[in-house]
Structures are given as C-alpha cells and as structure tokens.
Amino acid sequence: MPTEFTEHIYRQYEDELSHLKDRLLVMGGLAEERLRAAVAAIVARDTGLAEQVVHGDEPLNQLHKEIDDRSFKLLALRQPMAVDLRTILAAVKINTDLERVGDLAVNIAEAGLRYLLHPPVKELVDLPRMAEIAHEMLRHALDAFVRRDVDLARSVCEQDDELDELKDRVFRDLLVLMLRNPAIVEPSLDLVLISRHLERTGDHATNIAEDVIFMVSARDVRHPAEPTRS
C-alpha cells in the first residue's frame, strides 16, 4: 500500500510538471503570435492589427500569473531537488522572459502606429528579417526547453549576433536617409526603435536558451569567465 501511494504521488507530481511545461509552451505561442502580428501590421500598414496588439495583452498577462502560481506551488508543496528544481526555476525565469516579449510586441505596435501616420520612409526588408530571426530563436529556445537539448540551446545563443548586426544596419541605413531628408526623422526614429525592440526579443530568447543549458547541465553560461591576467 505505501508503494502504491508513493507511485500515485509521483505520477501526480510528474503530471503537474508536464502541465507546467505545456502552459509555458502556450505562453510562448502567444508571445510569438503577438510579435508576429505587430511586425505584420507595420509591413502591411494595417493600423487595425496594430491596435489589436496594443490592446490585447491581457491573455498573456493572465497566463504569466498562472504559470508563476503553478511554479511556486510546485516548489512549496513538492520540494523538488536537483534537475527538477532547476526545471521549475527555469520555468519561472522563462515565463518572465516571455511576458517581456509580449511587452516588446506592444512597444513595437505602438511605434508602428506612430510610423503609420507618415508615408513610408523606405521598403522594409531588414525589420521583417529581424522578426523572422527573433521568432526562430524563441521557437528553438522553447523546443530546447521541452527536449532538454543543450546543443539547440547553444545554437540560439549563437544567432544573437546576427540580430545585433541587422539592428546596426537598420540604424546606419536610416541615418543616411535622415541626413539627406530631415523631414523623415520622426518616422525613421520609430523604425530604429522597432529594430531595438526586436533585438531585445532576441536577448530574451538567448536568456531562455541559457536557462535551458543551466537546467540540463547545472552550468551557468550567462557570464563567461574572462581570462586571468598574469
């Protein structure tokens, strides 16, 4: 009888942990969709879609609270150890990163609404590419979490440099245009701001990937040690 009871408790705990991961994936899907919609609204010059992103933050916020609540209850009631403890702690941190991605989507949509008050400054090529990379990084980071795949998590970290380079290119290109035509300074600055928000999205995906590496290997890769000086 004690063995059956113990097995029941363990299965219940495993179910709770699995459900936590599932809810985190739902959270990730919502954050990705909001980011995708924000950028699509700017490219398509769709103010209605941008408004939907700005005012549609509540489901993500509610899910953020739910996941935190589930995580803290697991920590308090189950007292997990070793890899399970790291998994739940990673879930809490990933949840926060995903909520901030949702906030960045709102920021992008708000900047987009300001930008859409003006005629197009230029053809948008690099910003959609940045959004595509950011989506891919988020998706792969969450896949790495579910699959406990350290190699996939490391590949996400490596993609961050590409986003940084594109952000710098956007700034350089727009700076040239603003110097030639001061009348486009205001909408151009909003495009620069959007590129920074997309780059920050990549940073959050990188945070998630680093949490996965710590979860699986108990190795903190956030701040690589500098070589010692003799």
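The model is predicted, so to speak of local features a pLDDT of at least 70 is needed, side-chain atom pairs count only at pLDDT 80 or more, and totals for chains, interfaces and linings use all residues. Residues are numbered from 1 along each chain as its sequence is written, and side-chain values use heavy atoms, with hydrogens and water left out.

## Overall fold

Let us start with the whole chain. Its secondary structure comes to 7 helices and 0 strands, where helices (H or I, at least four residues) and strands (E, at least two) are DSSP runs numbered from the N terminus. Read from that end, the elements run α-α-α-α-α-α-α. The C-alpha atoms fill a box of roughly 80 × 55 × 20 Å, taken along the principal axes.

Of the 230 residues, 44% are buried; buried means under 20% relative accessible area, exposed over 50%, and partly exposed in between, with a 1.4 Å probe and protein chains only. The chain exposes about 12400 Å², and carbon and sulfur atoms supply 54% of that area. Accessible areas come from the Shrake-Rupley method with a 1.4 Å probe, and for residues only the protein chains shown count as cover.

Contacts (heavy atoms within 4.5 Å) reach across the sequence: among those between residues at least 6 apart, 83% join residues at least 24 apart.

## The nonpolar core

Which residues touch the most other members of the largest nonpolar core? They are Leu98 and Leu198, in a core of 66 residues. A nonpolar core is a set of buried Ala, Val, Leu, Ile, Met, Phe, Trp, Tyr and Cys residues joined through side-chain atoms within 4.5 Å. At least two residues of this core come from each of helix H1 (2-44), helix H2 (47-54), helix H3 (58-78), helix H4 (82-115), helix H5 (126-147), helix H6 (150-180) and helix H7 (185-217). In soluble globular proteins, nonpolar side chains tend to be buried together.

Leaving aside neighbours within four places in sequence, leucine 198 is in contact with Leu35, Val39, Ile108, Leu127, Met130, Ala131, Ala134 and Leu163.

Leucine 35 counts as buried, at 0% relative accessibility. Beyond four places in sequence, leucine 35 has contacts with Ala105, Ile108, Ala134, His135, Leu138, Leu198 and Thr201. The C-alpha atoms of leucine 35 and alanine 131 are separated by 7.7 Å, though the two residues are 96 apart along the chain.

## Helix H5 and aspartate 126

Helix H5 has 22 residues and reaches 31 Å from its first C-alpha to its last, close to the 32 Å expected at 1.5 Å a residue; the expected span is 1.5 Å times one less than the number of residues. Arginine 148 follows H5 and has a positive phi, near 55 degrees.

Aspartate 126 has its place in helix H5. Is aspartate 126 buried or exposed? Aspartate 126 is buried, with a relative accessible area of 9%. Its side chain makes a polar contact with the side chain of arginine 169 at 3.2 Å. A polar contact is a pair of N or O atoms within 3.5 Å; within protein, one must be able to donate a hydrogen and the other to accept it, and residues adjacent in sequence count only if both atoms are side-chain atoms. Not counting residues up to four places away, aspartate 126 touches Leu166, Arg169, Val170 and Asp173.

## Salt bridges

The structure holds 14 salt bridges, each a side-chain nitrogen of Lys or Arg within 4 Å of a carboxyl oxygen of Asp or Glu. The table gives some of them.

| Pair | N to O distance |
|---|---|
| Arginine 23 and glutamate 66 | 2.9 Å |
| Arginine 114 and aspartate 190 | 2.9 Å |
| Glutamate 132 and arginine 129 | 3.1 Å |

Arginine 23 lies in helix H1 and glutamate 66 in helix H3, so this pair ties together parts 43 residues apart in sequence. Arginine 23 is partly exposed at 23%, and glutamate 66 is partly exposed at 24%.

Arginine 114 in helix H4 and aspartate 190 in helix H7 link distant parts of the chain, 76 residues apart. Here arginine 114 is partly exposed at 37% relative accessibility, whereas aspartate 190 is buried at 7%.

Glutamate 132 and arginine 129 are 3 residues apart in helix H5, separated by about one helical turn. Glutamate 132 is partly exposed at 46%, and arginine 129 is partly exposed at 32%. Elsewhere, salt bridges that share partners join Arg23, Glu66 and Arg70 into one network.
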